[in-house]
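Thanks for coming. I have one structure to go through today, so let me put it up.

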2 protein chains.
Amino acid sequence: MSCLPATAGRMERIAPFYVMDLLARARAMEAAGQDVVHMEIGEPDFITPQAVIEAGQQALANGKTHYTPALGLPALREAISTYYQERFDTQIAPERIIITPGASGALQLVMGVLAEAGRKVLLPDPGYPCNRNFVEWMGGTPVALKVDAASHYQPTAEQLSECWDEQTVALMLASPSNPTGTVIPPTQLSELAAFAEAHEGVLVMDEIYQGLLYEQAPATLLHERPQHFVINSFSKFFGMTGWRLGWLVAPECYVDAIERLAQNIFLAASTLSQYAALQAFSTDTQEILEQRREIFRQRRDFLYPALLDLGFDIPLQPEGAFYIYANSRPLANDSSTLCEDLLQKARVAVTPGKDFGRNQAQHHLRFAYTTDIDQLHKGVERIRGCLKKR
Amino acid sequence: MSCLPATAGRMERIAPFYVMDLLARARAMEAAGQDVVHMEIGEPDFITPQAVIEAGQQALANGKTHYTPALGLPALREAISTYYQERFDTQIAPERIIITPGASGALQLVMGVLAEAGRKVLLPDPGYPCNRNFVEWMGGTPVALKVDAASHYQPTAEQLSECWDEQTVALMLASPSNPTGTVIPPTQLSELAAFAEAHEGVLVMDEIYQGLLYEQAPATLLHERPQHFVINSFSKFFGMTGWRLGWLVAPECYVDAIERLAQNIFLAASTLSQYAALQAFSTDTQEILEQRREIFRQRRDFLYPALLDLGFDIPLQPEGAFYIYANSRPLANDSSTLCEDLLQKARVAVTPGKDFGRNQAQHHLRFAYTTDIDQLHKGVERIRGCLKKR
């Protein structure tokens, strides 16, 4: 149906998430009585840790139902500052920490102060699909940097030398990455930061999977390079997706502008979620989160070799997050068609590569291990059966 | 401190809320032991009704901590549809109802599909200060229509005839209005809607104070004119500010584009808030809300004559919301200076007219009756004392 007035031109450049359509069809199959294995969902299957839930209930009992300041509850900004100090030995003033409605809110604020017509933002392909849309949303130009296993699916300083020009203001990164689960090596990261700094630009680093690492200790860009933007979230590691709560660490000089934006575009994050999140750093909660991290590791340790055994090509074992980005070229010509087949014939839902960019997208699938090992096992065996019949 | 890269140009066009600065100073005075009467805050003093709070606690006990679909919990979209049917005798398909993080989220979605460079959006001055910023945010051009008491501080079809051009796509309205509390008469509204329709444009109607009317029955634009955008919220009438939950009713043809935007810019509204809001329409809650409406009416009935008695000029008795927009010209040359004096010398915080636009802004103040009558009485007497000394 055509609209009057016509929808704004940006909507032609904002693609849907294919996985959402896939998820809707998977749910419809389930509603019709079929059993579907979900390996498409970028959301932990665990519910929020009990201490956080109880803190939310208590905040409600205490009538904490009014607005907080636009930049967030002072106590939560302090708690995050302490977390950087204690966990990462990194001093971040609470004034630089801005509480947001999810990492999405943080991305809006960052692009609101950085992106505009005539400015470019570089980002890796494959990468989180919304990132390019946030740049577009603010009228800027997203520039995709093709990344592959040779550089841990992360950009390199050589690429910046080639692509960074007078119009470029920022490079977006994610470590661990969605969809690849790979971490940027410290030297590579230092080179990127140094390059950006030398060119009067900044990094916008997504650290929302920071706590979900399986071999190495969690790290933050801010430890060595404090003058960049860092985005984090209570969703993934802390298990608080539905609460819609994240945070942004910004260089101090942007904070006034960010406050004005926050006042205008969302007023403040959910009060209740902010009070509950005060318990996210407690010893009890951190113990539960560590147990869950161990469970995610076990799932990865099951799924990674199992996918290799099915014939997928996965050059690097993912080091974090809960994703495996698998090359399906040895098994199929086109990953979107394979996705369809897996859903229809094997009742396994996975995400096609085209949700993450254009670079070799037709040869990749993303598997999320956000379901238990029994389900993963069932999924793998169903895929095996399906591949045999193709 | 200057930033590298420099903040995007839009930040020069997005003004701070003066009231936020004022509020911060009022809080600082309180922290220093002074007693301040708050008549600046656009937030009900009541906490959320008990049945809603309990529903939130129960949702947490049930582990409802995962994402909902981007357009919202189906049960809540159904409940709002039923509310339109039962309260307004208006059929709105749940598919047209989009759950958002506050009315702010709804405004982002509407301007995301309507506004862009080369397009104009008309809006009344005085009006809600963020509206023009949402248009700017999307690259569009906000065009202020000066409104005054003669037209209930609402635009007229004559103004549209003068100002609407080929680039114009929409007219934003609010009824009852913030800051004036005035309602748009049905005939005036019909004329505006007919004009917009005849010019292939739409109305974007803010109905967030819909339930807070003191003489007339609540109404919705959708009853007579279903093919426009309507923004609503659980914040003001329902007393759920801190939960950050609102909704948007959109013409059907925009819903697909809006869904794509919502997926990208905020994923979904808070899950917990959505479950809690299911209780907002219950008989128990509605009874409490009606009692609160009566309390707001009593406050208005106290404050309106009291301000007249102080010498403010208020040509229309406000019919809804919890604001009085008072002309201070008989008492002072400049309302911002008067605001400062009232805070510093009388310890009464009110909002200067310049937060709501440029039209006669220097001659107006907004008084919010979001505090009890004893406080309002104290505030009025302090203002009386202060005015005598000026």
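How many Å separate the centres of domain 1 of chain A and domain 2 of chain A, taken over C-alpha atoms? The value is 26 Å. The bounds, from an automatic or database domain assignment, are 13-42 + 285-389 for domain 1 and 50-281 for domain 2 of chain A.

Some conventions. This is a predicted model, where local features need pLDDT of at least 70 and side-chain atom pairs count only at pLDDT 80 or more, while totals for chains, interfaces and linings use all residues. Residues are numbered from 1 along each chain as its sequence is written, with chains lettered from A and ligands numbered from 1 in the order in which they are written.

Back to the domains. In chain A, 29 residues of domain 1 are in contact with 32 of domain 2; contact means C-beta atoms, placed from the backbone, within 7 Å. On the domain 1 side, α11(A) gives the most, eight residues.

Now chain A as a whole. It has 13 helices and twelve strands, which are DSSP runs numbered from the N terminus: H or I of at least four residues for helices, E of at least two for strands. The radius of gyration, over C-alpha atoms, is 21 Å, close to the 21 Å from the globule rule for 390 residues, so chain A is as compact as a globular protein of that length. That rule is 2.2 Å times the number of residues to the power 0.38. The C-alpha trace spans about 60 × 55 × 55 Å along its principal axes.

Last, the partner chain: 66 residues of chain A are in contact with 66 residues of chain B.

Definitions and conventions. Two residues are in contact if their C-beta atoms, placed from the backbone, lie within 7 Å.
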